[in-house]
Amino acid sequence: MAGIGNPNYLDRVVDGEVAGALASSPAVLIEGPRGCGKTWTGQRFARSEIMLDGSEALRMVAEVDPNSILEGEEPRLLDEWQMARGIWNPMRHACDRRGGVGHFLLTGSQNPPDDITEHSGAGRVARVRMRPMSLWESGDSNGDVSLASLIAGEHCRAPDPAHTIGDVASLIARGGWPRMIKMSANTAQARLRDYLDNIARIDISRVAGVRRNPRLVMNLLASLARNEATAASYSTLRADLTEGGAGPPARSTMRAYLDELERLFVIEPLPAWSTHLRSSVRLRKTPKRYFTDPALAVAALAASSAAIARDVQMMGLLFESMAVRDLRIYAQSSGARLYYYGDEYNLEADAVIDGLEGRWAPVEIKLGGGSAIKKAMKSLRALRSRVDTTRRGDPARLIVLTAFGPGYETDDGVAVVPLTALRP
């Protein structure tokens with residue numbers, strides 16, 4: 001069924017999820033960071049729309065006479081619904097009165113502070129998480145290797161994409177924002193620095209309901225970028241913010257700001273994986289923090305693709321961040337979730353795909369190079385031997401994601417895949 005959207009719309013991995021949710025739920029909420037393409041995706045499926053983000057008059061009408069906003073051909077798109085929070089309850093009551101499914105599509109770039117969607121949308125509203133584009137969606141992965149096929153045990157083979165360090169650094173710095181995928185990395189970075197400035201000056205205060213300190217927000221974003229892909233503690237972040245003679249912010253302030261950045265989908269923690277082990281090894285429990293797109297980390301540091309390419313350590317962390325972004329998107333399309341593994345003996349897996357009908361697949365993420373890949377394989381095999389497979393089952397696949405080199409597999413089934421060859 002054709003919607004009202006852009007005829008040049010690029011297919012998104014969540015399209016199937018949105019279509020399925022509309023066919024089974026009265027309303028569908030597409031949520032994710034501002035600018036990731038939620039409106040365009042909503043318009044692809046909607047037959048009518050109301051854009052609440054750009055009109056104060058419409059927001060006033062929504063508060064005074066919300067039912068008038070809800071009238072229109074279905075599915076009706078309520079874009080940036082949280083700009084008129086009073087519309088939520090009338091919307092769900094309309095769902096109850098009308099019965100059936102597929103009445104409303106909502107998009108939202110922030111979770112409201114009172115979490116009204118948590119306790120009053122059950123049974124009525126299906127939630128779909130959306131992120132910036134993966135490399136497959138933006139056309140920067142040739143899709144030679146399907147993650148689903150790897151999990152199913154199919155053979156892994158892909159030619160070397162022949163990317164340079166500079167090519168990969170440019171993909172990281174440009175990011176997956178739909179309006180920016182045709183831009184150069186430097187141009188995209190200029191826009192993303194504006195994006196973070198708006199977050200710091202306007203959006204974080206709006207989601208908090210109180211005035212926030214823009215300079216502290218920007219300093220915190222820079223600190224998070226320096227600690228991208230780590231489980232940096234509050235103490236580490238606070239110490240980072242005291243440089244230059246300023247006093248450290250209170251822990252409660254740090255906690256509030258981090259929570260608000262998560263509500264705005266600027267950062268997205270990766271939870272630790274909990275499973276049955278053969279021994280009494282203690283597992284890490286602290287989530288790792290990632291920006292929802294690695295290009296935001298670059299912008300927070302006011303860096304460039306050239307600067308990234310010169311710093312191998314930072315390049316590795318940002319490549320990991322890009323890989324985690326794509327894996328979240330691909331795993332979600334299969335109904336799975338992403339975690340990371342870490343234990344007291346420093347055995348790690350950068351990602352664990354879990355929820356695949358009881359199966360799991362650990363992933364190590366490396367830029368490339370023979371010694372690094374061999375080390376990653378050794379770590380994955382050690383993790384496989386540590387998990388109690390009598391209770392948890394054998395891993396569906398051991399996967400090493402790389403930036404460079406061909407895709408292949410070992411005799412014992414470890415798949416080595418360039419990220420620019422991966423698709424769902």
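At what angle do helix H11 and helix H13 pack, and how far apart are their axes? In this predicted model, helix H11 (residues 214-226) and helix H13 (residues 251-263) pack at about 75°, with axes 11 Å apart. Local features require pLDDT of at least 70 and side-chain atom pairs pLDDT 80 or more, while totals for chains, interfaces and linings use all residues. Residues are numbered from 1 along each chain as its sequence is written, and side-chain values use heavy atoms, leaving out hydrogens and water.

**Helix packing**

- H11 and H13 are therefore roughly perpendicular to each other (angles of 65 to 115 degrees; under 35 is roughly parallel, over 145 roughly antiparallel, the rest oblique).
- Axes are lines fitted to C-alpha atoms, for helices over the stretch in contact, and angles run from 0 to 180 degrees between N-to-C directions.
- Leu216, Val217, Leu220, Leu221 and Leu224 of H11 meet Thr253, Met254, Tyr257, Leu258 and Leu261 of H13, where contact means heavy atoms within 4.5 Å.
- The residues of this contact comprise nine nonpolar, one polar and no charged.
- Helices (H or I, at least four residues) and strands (E, at least two) are DSSP runs, numbered from the N terminus.

**Aromatic pairs**

- The whole structure contains four aromatic pairs; rings of Phe, Tyr and Trp (its six-membered ring) pair if their centres lie within 6.5 Å, with planes under 30 degrees apart counted as stacked, over 60 as edge-to-face and the rest as tilted.
- The pair of Trp177 and Tyr195 is tilted, because the ring centres are 5.2 Å apart and the planes lie at 50°.
- Trp177 lies in the loop between helix H9 (165-174) and helix H10 (185-208) and Tyr195 in helix H10, so the pair ties together parts 18 residues apart in sequence.
- Trp177 counts as buried at 2% relative accessibility, as does Tyr195 at 14% (buried is under 20% relative accessible area, exposed over 50%, partly exposed in between; 1.4 Å probe, protein chains only).
- Trp273 and Tyr341 form an edge-to-face pair, 6.4 Å centre to centre with 65° between the planes.
- This pair links distant parts of the chain, 68 residues apart: Trp273 is in the loop between H13 and helix H14 (294-300), and Tyr341 is in strand S7 (residues 337-342).
- Trp273 is buried at 3%, and Tyr341 is buried at 0%.
- Ring pairs join Trp273, Tyr341 and Trp360 into a cluster.

**Charges over rings**

- Lys288 lies over the face of Tyr340, 4.9 Å from the ring centre (NZ of Lys or CZ of Arg within 6 Å of the ring centre and within 35 degrees of the ring normal).
- The charged end of Arg289 sits over the ring of Tyr234, at 5.8 Å from its centre.

How values were computed:
Nonpolar A, V, L, I, M, F, W, Y, C, P; charged D, E, K, R; others polar.
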